[in-house]
Amino acid sequence: MINPQAPLACPLDGLALEDHGANWQCAANHHYDLARQGYLNLLPVSQKTSRDPGDTKAMFTARRSAFSSGLFAPAAQALSYQLASRLSPSGDKPAVVLDAGCGEGYYTDHMRAHVTSLSTTIEPVFMGVDISKWGIVAAARLYPQVTWVVGNNKHLPVLPGSVDIITSIFGFETWQPWATLQSAGQRVLVAHAGPLHLLELRELIYDSVNIHDSADDSAAHSAGYEKLKQSAVTYTEPVQSIDTLLQILAMTPHGHRVRADKQAKLQSDLARLVNMPLTIDVCCRWYERIA
Ligand SMILES: C[S@@+](CC[C@H](N)C(=O)[O-])C[C@H]1O[C@@H](n2cnc3c(N)ncnc32)[C@H](O)[C@@H]1O
């Protein structure tokens, strides 16, 4: 459901949105209906990148099954700890966390549940924004305690200075627009695939695998952010079912890149791959908006 304290802004003119029950309105009378699943669509046609932008319904279905295997739970837990360590309420206002490119909300809700379980003061507001309607519909069904919004990272529909922490988990950072939105001292937590992420799976489907760290801070720096810290979450676990392995393939860009011959080999080797060890390697970086 939409948290009444969520600092939502009209995607057309940036004015504050107010709750009118079945819809949210700005002072210029633009209004946005609350979907029956409890999310808001704040993506005007002018901000759509295609007719059906973002990840597909099939990718979210695969991602949901892969997440339910538990393989990514330690990563979600580590991100939750990281977030909690830097989240503090400002005065009597709740802190606001916005997960940009949240997909179907697995990490968003994990972070919310952890932070909320620790909160001794005012509960933070957790928001998830994704350009894919399919992701947000799934998220709203699964995790009703987060404020879910269909929107574009480049035009986040929130009031300037209102978001204490933007998280971008396996997402696409849009530093310049975020710098315009955030004030000095506000932060961004970025989590990307580290060099060893899904290494064993990549070795199965590519002739050669590049192991390099692609972390690049230049775009963040030129937008006015300073890097505070970088760390890695790395672990290897057996993948207990072939279905999970195939779902992991389908939820990542690797799934589209498998050549036909490799696909056939993969299919013929499937039985052998039960309990295959798989490395999860997440690179986490904290940035702060400087004056
Ligand atoms: C790799 S997925 C990660 C999803 C989620 N954070 C997770 O880790 O499960 C990237 C997400 O970014 C979304 N996305 C792509 N372009 C976007 C944009 N301009 N604004 C908001 N979301 C976007 C996609 O729809 C997709 O859900």
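A crossing of two helices is termed left-handed if the near helix is turned anticlockwise from the far one by less than a right angle. In this predicted model, helix H1 passes helix H8 in such a left-handed crossing. H1 comprises residues 57–68 and H8 residues 242–251; their axes lie 8 Å apart and form an angle of about 140 degrees. The two helices are therefore oblique to each other. On the H1 side the contact is made by Ala58, Met59, Ala62, Arg63, Ser65 and Ala66, which meet Asp243, Thr244, Gln247, Ile248, Ala250 and Met251 of H8. Seven nonpolar, three polar and two charged residues make up this contact.

The model also contains an open sheet of eight strands with mixed pairing, ordered S4-S7-S6-S5-S8-S9-S11-S10. Strands S4 (40–41) and S10 (225–239) each have a single partner strand and stand at the edges, so one side of each is left without a neighbour in the sheet. Within the sheet, strand S6 (residues 125–130) and strand S7 (residues 147–150) run parallel and are joined by four bridges. Met127 is placed opposite Thr147 of S7. Helix H4 (residues 133–142) packs on the sheet, where it touches S6 and S7, and its direction makes about 165 degrees with that of S7. Helix H2 (residues 73–85) lies across strands S5 (96–100), S8 (165–169), S9 (187–193), S10 and S11 (276–289), and runs at about 15 degrees to S11.

A ligand is surrounded by 19 residues, of which Gly54, Gly101, Gly103, Ser132 and Asn153 are the closest. The shell around the ligand consists of eight polar, seven nonpolar and four charged residues.

Definitions and conventions: Residues numbered from 1 in each chain as written. Predicted model: local features only at pLDDT ≥ 70, side-chain atom pairs only at ≥ 80, totals over all residues. Pairing = 2+ DSSP bridges. Contact = placed C-beta atoms within 7 Å. Axes fitted to C-alpha atoms, helices over the stretch in contact; angles between N-to-C directions. Near = placed C-beta within 6 Å. Nonpolar A, V, L, I, M, F, W, Y, C, P; charged D, E, K, R; others polar. Parallel < 35°, antiparallel > 145°, perpendicular 65-115°, else oblique.
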